[in-house]
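Here is a short briefing for a first look. Keep the sequence and the 3D view open while reading.

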Amino acid sequence: MENIIANIDRIQQRIYNACVTSGRNPETVKLLLATKTVHADNIKLALNHGQTLIAENKIQELKEKFDALQDTPHQSHFIGHLQTNKVKELLRYNVSCLQSLDRLKLAEKLQRRLAYEDKTMDVFLQFNTSYEDSKFGMAPENALAFAKEILQFDRIQIKGLMTIGLFSANDEKVRKCFQVLKRIQTNLLDHGFPVHELSMGMSGDLEIAIEEGATIIRVGTAIFGKRPYPDSYYWNENS
Ligand SMILES: *Cc1c(COP(=O)(O)O)cnc(C)c1O
């Protein structure tokens, strides 16, 4: 049994230390709980300990836990690969930000559904900064062109960028991924896109991400313990 509360405190200490190391104000880094495979009771435990931001990877899990979490105040983001036929459900379960917008077709579907329901939604653009085939996200080279295309969709508000860094014991290779996302941010900000949020860094690499400018780190295992499925189940094209 994981001690979720103690783990959250440990993560907060790590965030604080990384901020001190890089001369940043700890209040500029938000902790997002990656709750895939985590039971609603354990998510509630974390929310009752002062956490406010959670995210699922799959609509199915969002749906399963929705009722149980309704009475506990929180904000819900989505961080998984989203099929276009699941957009309707994304809206139904009160997701406030889609962090994984990675293709035009998805943006088109989202716009259409949002307009139909007379809603708007925040999104982050997801980039494949490690250039691994197994990762979702757009090629960094396409960032500006893609952001410009999104302008035609008045219901979609671009608020930030997201990436999953390379899984490597080589910190400098991991750091390069985060630097790529930071560079995309600088470029898009220069062109007037309000991409103030940088969602990068997870259990194993959050310090590097914070040093490179992360404003949201997404933590799962270091708080809730090991997951029963390998991450390929969540991150590969055929999942
Ligand atoms: C699971 C997941 C995380 C958290 O990963 P951990 O290594 O468990 O901290 C972060 N981002 C995404 C997109 C995830 O799917």
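Is Asp67 buried or exposed? Asp67 is exposed, because its relative accessible area is 63% and exposed means over 50%. This is a predicted model.

- Asp67 sits in helix α3, which covers residues 59–69.
- Tyr93 is 26 residues from Asp67 along the sequence. In space, the two C-alpha atoms are 9.5 Å apart.

**Ser199, a buried residue**
- Strand β7, residues 197–199, contains Ser199.
- Ser199 has 0% relative accessibility, so it counts as buried. The cut-off for buried is under 20%.
- Leaving aside residues up to four places away in sequence, Ser199 touches Gln99, Phe124, Leu161, Met162, Thr163, Leu181, Ile216 and Arg218.

**Helices α6 and α7**
- Helix α6 spans residues 143–150, and helix α7 spans residues 171–190.
- The two helices pack at an angle of about 50°. Their axes are 10 Å apart.
- That angle makes α6 oblique to α7.
- The crossing of α6 and α7 is right-handed.
- On the α6 side, the contact is made by Ala143, Leu144 and Ala147. On the α7 side, Ile184, Asn187 and Leu188 take part.
- By class, this contact of α6 with α7 has five nonpolar residues and one polar residue. It has no charged residues.

**Two loop residues with positive phi**
- Asp118 is not a glycine, yet it has a positive phi of about 55°.
- Asp118 lies in the loop between α5 (104–117) and β5 (121–127).
- Asp118 has a relative accessible area of 59%, so it is exposed.
- Tyr131 also has a positive phi of about 55°, and it is not a glycine either.
- Tyr131 belongs to the loop between β5 and α6.
- How accessible is Tyr131, and what is its relative accessible area? Tyr131 is partly exposed, because its relative accessible area is 46%. Partly exposed is the range between the buried cut-off, under 20%, and the exposed one, over 50%.

**Points to take away**
- Helices α6 and α7 meet at about 50°, with a right-handed crossing.

Technical notes
Residues numbered from 1 in each chain as written. Predicted model: local features only at pLDDT ≥ 70, side-chain atom pairs only at ≥ 80, totals over all residues. Heavy atoms only, no water. Axes fitted to C-alpha atoms, helices over the stretch in contact; angles between N-to-C directions. Helix = DSSP H or I, 4+ residues; strand = E, 2+ residues; numbered from the N terminus. Parallel < 35°, antiparallel > 145°, perpendicular 65-115°, else oblique. Left-handed = near helix turned anticlockwise from the far one by under 90°. Contact = heavy atoms within 4.5 Å. Nonpolar A, V, L, I, M, F, W, Y, C, P; charged D, E, K, R; others polar. Buried < 20%, exposed > 50% of the residue type's maximum accessible area, 1.4 Å probe, protein only.
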